[in-house]
Amino acid sequence: MFVKVCGITTPEMLDVCVDASVDAVGVVFAPRSVRYIEPGDARMLGERLPRSVEFVGVFQDAPTDTVLEAAHVAGLTTVQLHGVVEPGGIEAAEAAGLRVIRALGAAEYAAGAAHDSLLPAVRLLLDGPDPGSGEAADPASLLSRPPERSWLLAGGLTPDNVAERIRAYSPYGVDVSSGVESSRGVKSEDLIRAFVAAACSA
Ligand SMILES: O=C(O)c1ccccc1NCC(=O)[C@H](O)[C@H](O)COP(=O)(O)O
């Protein structure tokens with residue numbers, strides 16, 4: 001099971017993620033987020049990561065130039081694109097050597113949104129209606145149109161529900177932020193370790 005922990009802002013919690021053997025760590029560049037981090041500060045976090053761990057920058061409605069500039073400054077391996085993506089934005093990120101995760105609300109995906117922008121190498125992340133809020137992805141949508149490509153489940157996952165949801169929906173990976181926080185925007189070492197253990201035991 002591929003496990004990504006998103007919204008990391010401190011070296012201490014980044015080190016916990018690495019020690020817990022996560023596959024990817026996310027930093028948030030959406031300015032509205034309580035987890036927002038400057039690309040230059042993110043770089044200092046990314047430099048602590050072993051090469052085996054993906055370093056993912058999360059963007060929402062961001063112009064392609066902004067994505068590429070932040071990815072360069074922060075030293076990202078991967079960009080996770082929520083909301084509006086400019087035409088050619090995914091191709092431009094791939095041409096810059098970045099891996100791409102396209103994030104869509106599960107209901108949006110089931111309704112057919114953005115299917116034409118999903119290039120073969122793009123991983124899909126199906127999320128709740130308000131990314132990073134702890135709200136679950138719509139169960140009916142996840143069951144009505146399960147993606148044929150590799151996809152990640154996100155939205156409202158916690159150490160207590162992640163194993164059950166993996167069994168219900170069969171994603172190749174899971175992504176969490178709110179469910180491993182002791183208060184909004186503040187990550188908890190115990191919850192991160194419990195989440196990874198639960199996901200990997202499913
Ligand atoms: O984390 C945010 O504040 C955020 C803001 C804007 C776009 C995306 C954002 N986060 C994305 C994620 O952390 C994950 O992909 C996922 O939505 C986590 O959801 P949850 O575990 O329900 O917090």
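Trainee: Taking a nonpolar core as a set of buried Ala, Val, Leu, Ile, Met, Phe, Trp, Tyr and Cys residues joined through side-chain atoms within 4.5 Å, which residues touch the most other members of the largest one?

Mentor: The largest core holds 54 residues, and F59, L76, V79, V174 and F195 touch the most other members. Its largest share, 5 residues, comes from helix α8, which spans residues 189-201 (helices are DSSP runs of H or I, at least four residues, and strands are runs of E, at least two, numbered from the N terminus). A second, separate core has 8 residues, including F2, V56, I101 and L125.

Trainee: What am I looking at here, experiment or prediction?

Mentor: This is a predicted model, in which local features need pLDDT of at least 70 and side-chain atom pairs count only at pLDDT 80 or more, while totals for chains, interfaces and linings use all residues. Residues are numbered from 1 along each chain as its sequence is written, and side-chain values use heavy atoms, with hydrogens and water left out.

Trainee: Back to F195, what is it in contact with?

Mentor: Leaving aside neighbours within four places in sequence, F195 is in contact (heavy atoms within 4.5 Å) with V3, L157, T158, P159, V162, V174, V176 and V180.

Trainee: And D175, buried or exposed?

Mentor: D175 sits in strand β8, residues 173-176, and is buried because its relative accessible area is 6% (buried is under 20%, exposed over 50%, partly exposed in between, with a 1.4 Å probe and protein chains only). Beyond four places in sequence, D175 touches K4, V5, C6, Q80, L125, L153, A154, G155 and L157.

Trainee: How does R165 count by accessibility?

Mentor: R165, in helix α7 (residues 162-169), has 23% relative accessibility and therefore counts as partly exposed. Not counting residues up to four places away in sequence, R165 touches A136, L153, G155, G156, L157, S170 and P171.

Trainee: How far is R165 from I90?

Mentor: R165 and I90 are 75 residues apart in sequence, and their C-alpha atoms are 29 Å apart in space.

Trainee: New topic: how many cavities does a search of the whole structure find?

Mentor: The search finds 1 cavity of 30 Å³ or more, and the space in the largest cavity is about 80 Å³. On a 1 Å grid over the protein atoms alone, a cavity is a set of points where a 1.4 Å probe fits but cannot get out, a pocket is an open set with protein on both sides within 12 Å along at least five of seven lines, and lining residues have an atom within 4 Å of a point; points are joined across faces, edges and corners, and volume is the space filled by probe spheres set on them.

Trainee: Which residues are closest to the centre of the largest cavity?

Mentor: Among its 14 lining residues, A62, T64, V67, L81 and V85 are the closest to its centre. Elements giving two or more residues to this lining are β3, α3 (64-74), β4 and α4 (89-95), and α3 gives the most, with 3 residues.

Trainee: What about the largest pocket, how big is its volume?

Mentor: The largest pocket has a volume of about 360 Å³, and of its 31 lining residues R35, P131, G132, S133 and S177 are the closest to its centre. The elements that give two or more residues there are β3 (54-60), β4 (78-82) and β8, with β3 giving the most, 3 residues.

Trainee: And which residues line the second largest pocket?

Mentor: That pocket holds about 180 Å³ of space, and its lining is R43, G46, E47, L49, P50, R51, V53, F55, A74, G75 and T77.
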